[in-house]
Amino acid sequence: MTTKSCLRFLNQLEELRRSFGVSPRPLAQTLRALSNCTFDDAYELVRFHEALLFFRAYPPSAKVLKEVEAILKTFEQRVSQLRETDADLSPLDDPEVSGIAGTSVTSNFSYAIVCWLAAKYPAQLSIDWDWFEEEERFGANMPRFLPLLEEEAMVEAHVPYRDYLRAAKGRANEVVWLIERFRSLKLSEKEKAERYDSLKIHVRWQFGVRASRTAMKLPARKIFFHNRPLIARHEVSLADELKSPPIPVEKLSPALGEKILEMARETSAVRYRELHGFTFGDSRRVLRANLGRGTEAFVLGVPAENWLPLRAYHAALIFKNGVPVGYFEGLSIFERMESGFNLYYTFREGETAWLYARILRLMRQLLGVTVISIDPYQVGHENEEGIESGAFWFYRKLGFRPVRPNLMKLTMAEERRIAVDPGRRTSARTLRKLAAGHMLFELSEAGATPGKVEWDRFQIRNVGLAIQKRMAREFNGDAQKIRAQSVDFVTRSLGLRTRSWSESERAALENLSLLLAMTPIDRWEQPEKQLAACIIRAKGTRDEALCLKLMQQHSPLRAELIRLGS
């Protein structure tokens, strides 16, 4: 088939992503034609790959899905053939589409992820020395592993570190050897990570087909075929969705939880990404939620040693018909959640608004949150992708509002212009202005006061800054002193007996005391003190959801947090 014909069929395939609810026959015919095409341009091969993944997640029929699966199995060979032609393969490295079978990724992955890769895929790793820049740090850290290295490192320039490492490792893989040396240090995991991460070593992962996006898929118990039009954004009411019936949820066994965590790390690493909840996820705390329409969300927590000091942390990996299509990250305190939602580039023409609404419904069900905050970055602040996609209007049309009065005024003015001219497109300049502040969605509850703006000015950073100012003012900038005094004050005020407390409970006390010491807890009623003590202990256990729900019952503490953070 000619190149011109192949490009015509490829264009047809991309157009058909917007043609659901019609006969799938033209799609099946286009796929059969494309199966015989050879693309000699990496960009066109990427387009083909991403369109196939979209129809794997959103198949209109079993016949189409079978064609898609058959073509995807040829991609490792297609990439190999393209490489042999000396074509420009750089489009395959774009973070939006990286992870195709037959390719690799190179990144300065964190210590935790490199440890995981070294344990699971030792033969697939190498150091990319072309990216090596931290010679001074390498020279300062490596003599503990490479005897007499300091003979050169302390006085010479251009030390052949690679030669030293090659000689020392013998037949071992260089990444595995290096990680084993760091793991042998008599230091805490945090200190090991700090030393390793300071070297900024770029590791190349030549992943196999199974870990590639091309083949990455969970076994789907039942495929949902999209033989009707996809759910459009205007059909989604976030308020109604948040009040919809509960979503079926089940807890996974630790073994199944570990499989989900491994896939979460793989699907992130092949995209040059890491997420706190995936890197440090707790396999004992993985929930599977059936969102409907072939969509599942796996909600992940982290072990107590990786908890945030104040907020509850949860992440979710989202699958559509077994295909990982995006992830969610929620940072919650009281009824407010900071929401981070990322649908992978390939699937953004799918049911994005419905999917986001279902995830928020799940978070409300599990955590009791009713106020959802969107960070400016999500809507385009210092994020050109968000500007180009019109992310601001995605959230606005779901019911979010800018919290800054000047941005709300600009929003309403732009909405009036659009009402007069429905074909109007908001300029990039205006979108950048609108993206300068947070957006909020508040679910109205029975008896709630309309127009409440309690959380409008709140930022967790303001709480941290208030604590720093107190430390400077009252403790001469001494972190140990403010921590010790705060724990003492809170312990006495709440009448705590901590002798039998676990290490994680003591850590929770130390962190929460920094906040509680800036509130009038010594004047609270006894039930309020008892509830505060329960919150501290819950924060030090394995259940952050319990801690969050206890917080939601403590009105005085909520008021003080909002005051400090606003």
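User: Which residue forms a disulfide with cysteine 6?
Analyst: Quick heads-up: this is a predicted model, where local features need pLDDT of at least 70, side-chain atom pairs count only at pLDDT 80 or more, and totals for chains, interfaces and linings use all residues. Residues are numbered from 1 along each chain as its sequence is written, and side-chain values use heavy atoms, leaving out hydrogens and water. A disulfide here is a pair of cysteine sulfur atoms within 2.5 Å. At 2.2 Å between sulfurs, the partner of cysteine 6 is cysteine 37.

User: How many residues apart in sequence are the parts that this pair ties together?
Analyst: Cysteine 6 lies in helix α1 (residues 3–15), while cysteine 37 is in the loop between α2 (25–34) and α3 (42–57). Helices are DSSP runs of H or I with at least four residues, numbered from the N terminus. So the pair ties together parts that are 31 residues apart.

User: Is the link of cysteine 6 and cysteine 37 left-handed or right-handed?
Analyst: Look at the angle about the S-S bond, which is -100°. That link is left-handed.

User: Is cysteine 115 buried or exposed?
Analyst: Buried means under 20% relative accessible area, exposed over 50%, and partly exposed in between (1.4 Å probe, protein chains only). Cysteine 115 has 12% relative accessibility, so it counts as buried.

User: Which cysteine sulfur is nearest to that of cysteine 534?
Analyst: Cysteine 534 is partly exposed, at 40% relative accessible area. It's in no disulfide, and the nearest cysteine sulfur is 11 Å away, in cysteine 547.

Note on methods. Helix = DSSP H or I, 4+ residues; strand = E, 2+ residues; numbered from the N terminus.
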